[in-house]
Every structure is written in C-alpha cells, then in structure tokens.
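Please prepare a short briefing on the model shown below.

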Amino acid sequence: MSTTPSAPSVGARSAHRKATALAIAAAVGGFLFGFDSSVINGAVNAIEGQFSLHPSVTGIVVAIALLGCALGAWSGGRLADRWGRTRVMVLGAILFFVSSILSAIAFSAWDLGLWRFMAGVGIGIASVIAPAYIAEIAPAAMRGRLGSLQQLAITVGIFAALLSDQLLAESAGGASNVLWLGWEAWRWMFLVAVVPAAVYGILALRIPESPRYLAANGRDDDARAVLTSVLGPDEDVDDRLVQIHRSIAIDEANAAQASLRGSTLGLKPIVWVGILLSVFQQFVGINVIFYYSTTLWQAVGFDESRAFLVSTITAVTNVAVTFIAIALIDKVGRRPLLLIGSAGMTVSLGLMALAFTQATGSGSDISLSGPWGVTALVCANAFVVFFGASWGPLVWVLLGEMFPNRIRAAALGVAAAMQWIANFAITMTFPPMLSAFGATVPYLMYAGFAALSFFFVLTKVPETKGMELEDMSEKSRTKP
C-alpha cells in the first residue's frame, strides 16, 4: 500500500526559499557571463573606426576575452578549494568591475584587448563558482531547478547587453558618436557593466560560504548553520553533515581520489565526461547564432535595423525557453532532456545547412529567397529553442553536481576552461569558413556535432536526478 508524500512544512518551505535566494545571488555571475559575451557586439564597428583597426586585429580584440575566460575558469576552481567559494566570487566581481572602467577609457587596441582579457578572467571565475556553489547549497529535490538559474541568468545577461547597446547607440545617433561627458556611446557600453559587477560583489560578501567547503576545513558549526538554513527542519542536518564528512574521508583516504589524474588519457573518466559536455555545448554552434545573427537575418531579406530587432527577439526566446528546462529538469531528468535537445538541434541545423545550399552570393554577402529564407529563419529559432531548453542550462547543472566532492571545483574549472576554448575556436573559425565555403558547410558541421552529442549522452553521461552530492563518487564510476 503506497502513501502520498506529505507536503513540505512551513519551515521547509522557508528553507527552500532561502536556498532559492542564495542560488539567485550566485547566479548573478551568470548574468555577468552573458552580458560580457554580448556587450562587445554593439561596439565592434565603432572601435574598429576609432582606432583604425585591421579586421584581423578587431577579431582578436573581440575574441581575446574568451581566452581570459578559459584562464579564469581553470584557476577559479583551484582558488575556490583554497580560499572558499564566496571569496573567489568577490575576486571575479572586482576583476570585472575594474576592467569595465579601464575598457571604457581605452586609448588603443592593445590596452583595450588587455582589459578585455582581464574581464574574461573575472567572467571565467564566475562561470565556475556559480554552478559549484548552487549545487552545494541546494536540496537534492530542487538542485536541478536552482542549477538552471545559471543559464537563465546568462540568457538575461545577453538580452540586457543587446538592449543597453541599442539604447545607448540610439541615444547618441550611433555607437561612435559622443553621448555624455565627451565620451562616445561605445565607451558607455562598457562602463554600464560596473553596475552588475558591483551588485555581484556585494551579494558575494553577504551570502554564506558553501557548507561542503566549511566542513572540509573543520568549520562544522558554520556548516551546520548553513545546512539548517537551506534544508529546514524536515531533514536531519547532522546526518547530512556526517555524509559530507564520510565522502571527504573516503576521498582523503586515497590521495588519487583528490586528483583529476586517472587512467583515461591522464584524467579520470568522469572529468572527460565533463570536458566533452562543455565542448559539445559550444561545437553545436550556438554562439554563431548570437555573435553573427545579423548576417543570417540580412541573408533572408531583413534590413540592418530589422535584423537587429530579430536578433533581440531571438535573445528573448532564449530566455523564455530556459524556463522549460527549469520546469522539467527535476521531473524528467537530465539525460532525457539532453537527448531531446540533441535530436532537435541535429534536425534544425541540418535543415539550415540544406536551406543555404540554395543561397546566392558568397561570404557574408549571401541571400536566400522564397521558402528557403523562411526555412532558415524558422530552423534557426527552432535550434535556439532546443538548445535553450536542454544543453544550455543542463550542462551547467551537470558540471555543478556530477563530480565527487574533493575534485568538484577543480574538475569544473577544467571543464569550463575547455568550454571557453571551444567557444573561442567556433567564434574565430566561422567567418573564414563562411567566406571560403558559404554557410552550408559550417552549419552542416554543427549538425554533425549535435548528432555526436546524442550518442555521447546515450552512452557516457550519468543520470543525477534526485541524488545527494555525497553519492556522486560512486555514481561517477558507473555507467548510466
């Protein structure tokens, strides 16, 4: 005879609200991530004209932040294990705050590139710490929903950057025109970023440290207080603390358990799963849609102003569909959503590649007419829907929860660093591929990676729905 689970008590609901508030605060780092990745778009042409740059130099200035992100992600995980999660959040906020001011007052391409690299380091740090922190403070039953807030914040950040760029450029009559205090509008685009950076830093100073970091450093009373605040009276906090210490002791009993090193090409198999999740997330070409979407929309017949509007609508769509993942992730599970997303992306990207076989012109000067233009437009948005409801948020959730406790921050740092490097590779290779082969070849390549991602999830990615983080050590050594 089955029994119906009782509803959470008032105390448990209050604790869950506390956990949600902490997750939102940590996810502001994702907002910085999205804002930084898109804010440069509205300033590119103005910067190129201001400093008389060759297009190749412009490309370096735009993409160098991604290399900074890779460095920040790689180092952020290790720093988080030494200093704690919240202190490293503050470091990321400071780097982004300072670099935003210095980017706004840049006097040449080389120093702008340096400040953009610094911003990337700050964003890379934030991209690692937020999912790790959220996973470590969230109750298991709602960890997927809270982990998805990272991707939601990223998409809102992308939209906010596009919107602020548009408003500033229109207020000045163009990004290269003077707006206020003798500064061109493009400089204000960078300066606006100090606001979310300051908010992130203030929140990081106010939120409690991760209970798992506290327990690992002998601060059991502090860890117990944090666990009580986010789990509530319905769960045995002391038992949870015992589980945390047990998992830490198991890892420490064998020094190899606290290392990323393993038998598969020098790394543990679970670390490779995280790396490949990150790489596939980028190799399906999602950032091509956001970085180069104006070219696509102009190819199907929109003028420049309408192309910008459609790009903004696509960004809003990306925000909206993230709520689908938030609603389903703790009910359906991680693997089913990833498999659906992979299949949908494969079909939509394949149809986009087919549509561009009918394009006329070459390079960025291409056009589509009749039903093929509509096909490309619909499929591009379908691709964003499938990505935003699956691979966008779920990869960050899995990276935050799938690794054993002692290697979580370090492994997440390596995986996130590879994600930024993959992003850099896709960003830099799309323009020359477009020029040499047209749009068909790159979109067909992205469709191929989407298809490969389906089989990768099917055979290698573990299901982690509803599991406690302390159980991940055993799960990471088993097949899905």
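In which helix is the place of Phe-383? Phe-383 lies in helix 18 (residues 371-388), where helices are DSSP runs of H or I with at least four residues, numbered from the N terminus. This is a predicted model, in which local features need pLDDT of at least 70 and side-chain atom pairs count only at pLDDT 80 or more, while totals for chains, interfaces and linings use all residues. Residues are numbered from 1 along each chain as its sequence is written, and side-chain values use heavy atoms, with hydrogens and water left out.

**Confidence**
- The protein chain has an average pLDDT (the predictor's confidence in each residue, from 0 to 100) of 77, and 79% of the residues score at least 70.
- Among the elements of the chain, the highest mean pLDDT, 91, belongs to helix 21 (residues 440-460), and the lowest, 50, to helix 22 (residues 472-475).
- The pLDDT is below 50 over residues 1-6, a stretch with 0 contacts (heavy atoms within 4.5 Å) beyond near neighbours in sequence.
- Residues 474-480 also have pLDDT below 50, but this stretch has 13 contacts beyond near neighbours in sequence.
- Where pLDDT is low, the predicted coordinates should not be read in detail.

**Phe-383**
- Phe-383 has a relative accessible area of 0%, so it counts as buried (under 20%, with a 1.4 Å probe and protein chains only).
- Leaving aside residues up to four places away in sequence, Phe-383 touches Val-284, Gly-285, Ile-286, Ile-289, Met-345, Ser-348 and Leu-349.
- Leu-349 is 34 residues from Phe-383 along the chain, and their C-alpha atoms are 6.7 Å apart.

**Ile-105**
- Ile-105 sits in the loop between helix 4 (85-104) and helix 5 (109-137).
- Ile-105 is partly exposed because its relative accessibility is 42%, between the 20% and 50% limits.

Note on methods:
Helix = DSSP H or I, 4+ residues; strand = E, 2+ residues; numbered from the N terminus.
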